[in-house]
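My notes below follow the order in which I looked things up.

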Amino acid sequence: MAEIVPDISTEQQDIRQTKLAQYAAATRTKVLASPSDLDAKDKVMQEMAAWCREQGNIVVLKSATILSSDPTSRNIQNCKSLLLSKGIHPGHVYAAKQSFLDLLMDSSDEENVSKRQKGETTATFSDQQRHLRDLVGEAIKQDVSDIHIQVRQTYTRIRMRQHGELKIYAEWSEKLGREIASVAFNKETDHATSHFNPMLPQDASMPLKIRGNEVRLRLASVPAHGGFDMVMRILATGEERKGKTLDELGYTDRQIEIIKMSMRLPFGAIIVAGPTGSGKTTTLASCMEMVEPTAKLYSIEDPVEKVVEAATQVPVNTEKEDRSFAMMGRAALRMDPDVIILGEMRDEDTASVMVRASITGHLVLTTLHTNRATAIVTRLVDMGISPDLLGDSSVLRCLMCQRLAVKVCPSCAVAVVDSPRHQKYIAAWEEVLGKEVIARAKARGNGCEKCGRSGVGGRVVVAEVIWVDDEGRQFIQKCDTLGWERYLKENGWLDFRDRAIDLIQAGICDPFDAEKVVGPINPSTLAKVFKY
Ligand SMILES: [Zn+2]
């Protein structure tokens with residue numbers, strides 16, 4: 001039988017909205033609709049929470065401020081009497097949207113649940129801890145990757161990195177910034193033994209429970225002139241996100257074919273390179289899904305971010321030498337593995353584990369910080385691996401390098417030729433890319449409902465993928481990256497610039513955003529010989 005859902009007709013809703021707006025106008029206030037309309041410290045008053053829940057359309061805050069979606073009702077009087085009977089002087093009455101009241105009650109409930117789960121009482125769960133949770137919760141809601149907290153002598157500036165770009169989120173007092181940082185380090189981290197000292201660079205891992213989800217963050221701080229900086233990177237949001245396929249990430253069909261081919265190799269190294277925050281771990285996870293279920297898979301991670309049942313995930317502790325990447329990698333090699341994933345090659349030691357694992361007949365997947373796929377070789381030589389060894393046919397097999405480019409929101413994007421901001425550059429782009437490409441290109445629009453007024457529709461991977469062949473190995477042995485790239489291009493290989501141009505032409509990336517990945521696109525920067 002169909003469930004009967006009680007519904008309020010739109011007509012009744014309209015009448016309510018009008019009444020709210022009239023009340024707000026009469027009291028020279030506005031209809032409160034979101035947390036930003038309130039003082040961040042002002043939460044639901046716990047003594048009144050049960051009564052408010054019964055009423056449904058009224059919320060009393062700690063400051064004794066009363067919010068109601070029906071501010072002219074008799075209930076307001078009842079509320080005031082109840083407050084007075086508790087010895088609390090009632091504050092102002094404000095008109096508020098019902099959806100906002102529901103949100104306030106929900107977050108108050110969740111807070112209590114999380115407190116109970118942590119075995120904490122209202123009294124020990126400090127304002128700062130609540131503030132920290134609000135901040136992280138808001139960041140997760142907005143799909144933010146990092147929270148930057150800049151504490152100086154007179155202020156704290158909070159910025160958030162969303163789709164790769166830093167945006168101002170809030171300004172706090174210097175005191176609150178310091179308090180949040182020390183609460184994060186001293187109360188919430190895994191090993192809350194060390195005391196937070198803003199004069200020293202420090203880092204820690206922080207698990208938090210937010211809205212019932214296990215959230216994991218990495219904290220780092222450095223001293224700065226007049227204060228310190230702290231960055232919180234969100235590693236796991238606890239929400240079960242389905243792993244993206246390489247195709248969804250932005251790899252081309254041909255690139256995926258090459259990766260799949262290398263994943264079927266019995267031994268050798270597959271390396272994913274790219275700058276910090278370019279999504280290397282996500283790509284590694286998609287590759288991990290391709291491993292045959294009959295293969296024994298060891299994954300050495302720091303920290304373990306997402307549980308993968310098919311693999312044995314070995315956590316690393318970088319602070320302890322006997323639990324480093326290299327040590328854990330060597331230990332995994334003794335466990336009869338078929339595939340080893342080394343979360344990150346950080347030093348000579350890990351690089352030599354990678355080489356040893358591949359020449360002893362294992363498939364190794366790992367990541368490295370470099371800016372180009374061909375530069376992986378240079379970096380490994382720099383880490384003490386000999387070019388001869390790197391040129392061995394059982395070592396390097398597939399090299400990838402990736403970066404992330406911002407996509408335009410398809411709902412509000414405009415044609416580049418119609419965008420005033422772009423006019424100055426169109427001639428240069430047309431000269432390099434051709435008129436047809438620019439005619440089809442799209443620019444970020446002014447934002448719409450769908451993109452939260454940002455004009456951005458997520459990010460796409462821009463990647464270089466190299467299958468290391470016999471010819472390539474000769475260039476590797478000579479460390480001749482320029483000659484190697486020339487050879488690759490002659491054989492139809494796509495580098496970052498080619499991929500960026502594809503994305504401009506397809507109307508996926510604004511040329512300005514593509515330039516952030518490959519640098520300025522104009523005849524001078526592209527010339528083989530730069531004319532002064
Ligand atoms: Zn939009």
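**Overall.** Helices (H or I, at least four residues) and strands (E, at least two) are DSSP runs, numbered from the N terminus. I am working with a predicted model, where local features need pLDDT of at least 70, side-chain atom pairs count only at pLDDT 80 or more, and totals for chains, interfaces and linings use all residues. Residues are numbered from 1 along each chain as its sequence is written, and side-chain values use heavy atoms, with hydrogens and water left out.

I then took the extent of the C-alpha trace, which spans about 85 × 65 × 60 Å along its principal axes. Of the 532 residues, 46% count as buried. For that I used relative accessible area: buried is under 20%, exposed is over 50%, and partly exposed is in between (1.4 Å probe, protein chains only). I also looked at contacts, meaning heavy atoms within 4.5 Å. Among contacts with a separation of 6 or more, 63% join residues 24 or more positions apart.

**Domains.** I noted domain 1 (18-117), domain 2 (127-236) and domain 3 (246-401). These bounds come from an automatic or database domain assignment. The C-alpha centres of domain 2 and domain 3 are 30 Å apart. Six residues from domain 2 and six residues from domain 3 make the contact.

How much area is buried between domain 2 and domain 3? I found about 480 Å², with carbon and sulfur atoms giving 45%. Buried area here is the accessible area (1.4 Å probe) that two parts lose on being put together, summed over both. On the domain 2 side, Arg218, Arg233 and Leu235 lose the most area to domain 3, together 59% of what that side buries.

I looked for salt bridges between domain 2 and domain 3 and the count was zero. The rule asks for a side-chain nitrogen of Lys or Arg within 4 Å of a carboxyl oxygen of Asp or Glu. One residue pair is in polar contact across this interface, both at pLDDT 80 or more. A polar contact is a pair of N or O atoms within 3.5 Å; within protein, one must be able to donate a hydrogen and the other to accept it, and residues adjacent in sequence count only if both atoms are side-chain atoms.

Strand E8 (213-224) and strand E9 (227-236) each supply at least two residues of the domain 2 side. E9 gives the largest share, three residues.

**Glu165.** I found Glu165 in strand E6 (residues 165-172). Is Glu165 buried or exposed? It counts as buried, at 18% relative accessibility. Its side chain joins that of Arg444 in a polar contact of 2.5 Å. Leaving out residues up to four places away in sequence, Glu165 touches Met160, Val406, Arg444, Asp513 and Lys516.

**Positive phi.** Most residues other than glycine have a negative phi. I noted Ala64, with phi near 75°, in the loop between strand E1 (58-60) and strand E2 (66-68). Ala64 is buried, at 3% relative accessibility. Asp143 has phi near 60° and lies in the loop between helix H5 (127-141) and strand E4 (144-151). Asp143 is partly exposed, at 43%.

**Helix H17.** I listed the buried residues of H17 (residues 481-490): Gly483, Trp484, Glu485, Tyr487 and Leu488. They pack against helix H12 (375-382), strand E15 (396-408), strand E18 (456-467) and helix H16 (470-478). Just after H17, Gly492 has a positive phi of about 85°.
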